Amino acid sequence: MTDSGRTPAPAGTTVPAERRMEIAFTAFRELHEHRWGAYAFLHTGDAEAAADIAEAALDRLCVQWPHALRQPSADSYAWSLLKEHVAGWLARHRRGTALATAAFHRAAHAPGPDRAERFRLLESRIALYAAIARLPERQCDALVLNLVIGYSVGQVADLLGVDRAAVRSLVGHAKRKVSAALSALEVQHSGLPGSQVQHSGRGK
């Protein structure tokens with residue numbers, strides 16, 4: 001694990017294997033817990049459920065940690081557990097991803113000079129997240145993890161079990177698709193009568 005980090009033992013001491021595993025898992029949890037909650041929230045739209053999902057995935061990983069460390073990538077194995085928990089929650093609640101509506105939360109917490117500006121921000125965020133939600137799964141995950149949640153390219157590579165070049169490629173393709181989708185939407189809106197364009201930015 002390149003980005004999870006391991007705490008080295010002081011020179012001249014021997015740390016028992018069980019303690020080393022405990023230290024490694026604690027470091028992993030500290031690095032990922034908040035971000036996993038953010039990822040779960042983007043897909044569930046439920047802050048309490050997202051926290052529970054992240055905690056449940058990490059608790060399961062704790063039990064399976066020795067097995068995870070024997071995998072080619074412990075980070076990728078851990079990520080598969082989180083994905084499984086998110087998918088399970090969505091299936092139990094008969095919901096699709098809430099990624100497109102996550103814009104409401106982000107816009108609500110972003111400063112805006114006035115009501116009209118907040119509506120413009122909300123409209124643009126909804127369009128952006130809707131375009132991201134339509135991406136192929138791997139491109140969507142790479143883009144969200146890197147640009148929305150804030151993982152580095154190396155960290156995303158560890159989680160997805162690919163090299164950094166593959167992550168850059170996934171993010172690059174995703175950006176181009178999102179940009180094309182937003183451009184097409186702008187063209188569509190520009191072809192509407194002025195009153196309709198103005199109305200599309202209003203709340204009811």
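Helices (H or I, at least four residues) and strands (E, at least two) are taken here as DSSP runs, numbered from the N terminus. On that basis the protein has ten helices and zero strands, and its elements run α-α-α-α-α-α-α-α-α-α from the N terminus on. The model is predicted, so that local features need pLDDT of at least 70 and side-chain atom pairs count only at pLDDT 80 or more, while totals for chains, interfaces and linings use all residues. Residues are numbered from 1 along each chain as its sequence is written, and side-chain values use heavy atoms, with hydrogens and water left out.

**Surface and contacts**
- Buried residues (under 20% relative accessible area; exposed is over 50%, partly exposed in between; 1.4 Å probe, protein chains only) account for 37% of the 204 residues.
- The accessible surface (Shrake-Rupley method, 1.4 Å probe) is about 11600 Å², and 55% of that belongs to carbon and sulfur atoms.
- Of the contacts (heavy atoms within 4.5 Å) between residues at least 6 apart in sequence, 66% join residues at least 24 apart.

- Leaving aside residues up to four places away in sequence, Leu-145 touches Tyr-39, Trp-79, Gly-150, Tyr-151, Val-156, Leu-159 and Leu-160.

**Cysteines**
- With a disulfide taken as a pair of cysteine sulfur atoms within 2.5 Å, the count is zero.
- Cys-62 is partly exposed at 41% relative accessibility, whereas Cys-140 is buried at 6% relative accessible area.
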